[in-house]
Amino acid sequence: MSEIIKELRDLQTIEHDAGEIFSGRKSKRKVHGFESPSSFTPDINPAYLFHDSSRDAVVWFMDSSDPLYVFGPAGSGKTSLIKQLAAKLNYPVFDITGHGRLEFPDMVGHLTVEDSNMSFQYGPLALAMKFGGLFLLNEIDLLDPATAAGLNGILDGDPLCIPENGSEVIKPHPLFRFAATANTNGGTDETGLYQGTLRQNLAFMDRFWLCEIGYPSPKAERELLHRKAGNLPKDVRTKMVDYANEVRKLFMGEADGNYRETIEVTFSTRTLIRWADLTVRFQPLARQGIQPVTYALDRALGYRASPETRTVLHELAQRLFPQETKE
């Protein structure tokens, strides 16, 4: 733990050119960040797709005023968005996933025995506040509202007091940021798609800047598949994107036509890329009379679904891919 503390203590803050960081073109706008990455800084993914709905999060990073609450459907890339933006600014990211049994000390830290001595081990929230960085609370709508309300003072910018560590008081570092992700907007789930989510306290939610993240546009995902699986025929890549969006509509209960029931799985962009990659790798199966695109579909998504949903997925695939994919 002492090595971690030393690394974080040595971090230097710096002003970056916002245009150069986020668009590749220099501007006169500045954004605060860190001079170099740390072991807590996410790796930059050069293939990551920043889409239109990421604008709000970019603006928040450039001039944060309130904590950020990012919500949207499963697989829309909420956590990836936050981490990739943080990576561009060399932000350390201290993340934790919410659940019904998560308690405030899990975020702050706890006493531990080290070399026969009792010492306090900082949790992700305390580290972010003390040394600067992003505290990322994923799945915040799974958190017990009473536990979440315990964060109200932190969200208001108050210091953190740790009685277990000699009543240490941690004032928020100038580059401390608080972001949360969720599938709902904190007002519970009326669709029945996200089991376990809870309605959050209104006063708690009032402290956040809300940002809704949707799936990337079909054009953006077609371009991504072109870069990641360019050896697949263009019409196959196009149909894959169309298929993914049909599945998303089924998941969210927005499908037209013969499919009226919602399904329990959906297509993230990550799953779409995996499907395309597996389709390429399974091309030799075409010589055995096996359609690679549907064979890969099961391994990318179908086997996660119930038998009934898998039947729906295959029916939809047969409609969009009625013939075998040619090599």
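Helix α10 passes helix α12 in a right-handed crossing; a crossing is right-handed if the near helix is turned clockwise from the far one by less than a right angle, and left-handed if anticlockwise. The axes of α10 and α12 are 10 Å apart and form an angle of about 40 degrees. Axes here are lines fitted to C-alpha atoms, for helices over the stretch in contact, with angles running from 0 to 180 degrees between N-to-C directions. Therefore α10 and α12 are oblique to each other. Angles under 35 degrees count as roughly parallel, over 145 as roughly antiparallel, 65 to 115 as roughly perpendicular, and the rest as oblique.

Before going further, a word on the model: it is predicted, local features need pLDDT of at least 70, side-chain atom pairs count only at pLDDT 80 or more, and totals for chains, interfaces and linings use all residues. Residues are numbered from 1 along each chain as its sequence is written, and side-chain values use heavy atoms, with hydrogens and water left out.

Helix α10 has another packing partner. Helix α10 (residues 218-228) packs against helix α11 (residues 234-251) at an angle of about 135 degrees, and their axes are 9 Å apart. That makes α10 oblique to α11. The crossing of α10 and α11 is right-handed.

Because Glu221 sits in helix α10 and Arg248 in helix α11, the pair ties together parts that are 27 residues apart in sequence. Both Glu221 and Arg248 are buried. Buried means under 20% relative accessible area, exposed means over 50%, and partly exposed is in between (1.4 Å probe, protein chains only).

**The chain as a whole**

Stepping back, the protein chain has 14 helices and eleven strands. Helices (H or I, at least four residues) and strands (E, at least two) are DSSP runs, numbered from the N terminus. Along the principal axes, the C-alpha atoms of the protein chain fill a box of roughly 70 × 45 × 45 Å. Of the 327 residues in the protein chain, 48% are buried.

**Salt bridges**

The structure holds seven salt bridges, each a side-chain nitrogen of Lys or Arg within 4 Å of a carboxyl oxygen of Asp or Glu. Among them are the pairs listed here.

| Asp156 | Arg207 | 2.9 Å |

The side chains of Asp156 and Arg207 meet in a salt bridge. Asp156 lies in the loop between α8 (152-155) and β8 (160-162), and Arg207 in the loop between α9 (202-205) and β11 (209-212), so this pair ties together parts that are 51 residues apart in sequence. Asp156 is partly exposed at 45% relative accessible area, and Arg207 is partly exposed at 22%.

The pair of Asp277 and Arg281 belongs to helix α12 (residues 269-281), where the two are four residues apart and so separated by about one helical turn. Asp277 is partly exposed, with 34% relative accessibility, whereas Arg281 counts as exposed at 56%.

**Loops, a helix end and a surface patch**

Some backbone details are worth a look too. Asn90 has a phi near 60 degrees, a positive value in a residue other than glycine. Asn90 lies in the loop between α4 and β4 (93-97) and is buried, with a relative accessible area of 13%. Glu139 also is not a glycine, yet has a positive phi of about 55 degrees. The loop that holds Glu139 runs between β7 (133-138) and α7 (145-149), and Glu139 is partly exposed at 29% relative accessibility.

Lys88 lies in helix α4 (residues 78-88) and is partly exposed, at 26% relative accessibility. Thr13 is 75 residues from Lys88 along the chain, and their C-alpha atoms are separated by 14 Å.

On the surface, Leu111, Val113 and Met118 form a nonpolar patch with about 310 Å² of accessible area together. Patches are made of residues with over 30% relative accessible area and no salt bridge, with like charges joined within 9 Å and nonpolar side chains (Val, Leu, Ile, Met, Phe, Trp, Tyr) within 5 Å. Accessible areas come from the Shrake-Rupley method with a 1.4 Å probe, and for residues, only the protein chains shown count as cover. Val113 sits in strand β5 (residues 109-114) and is exposed, with a relative accessible area of 57%.
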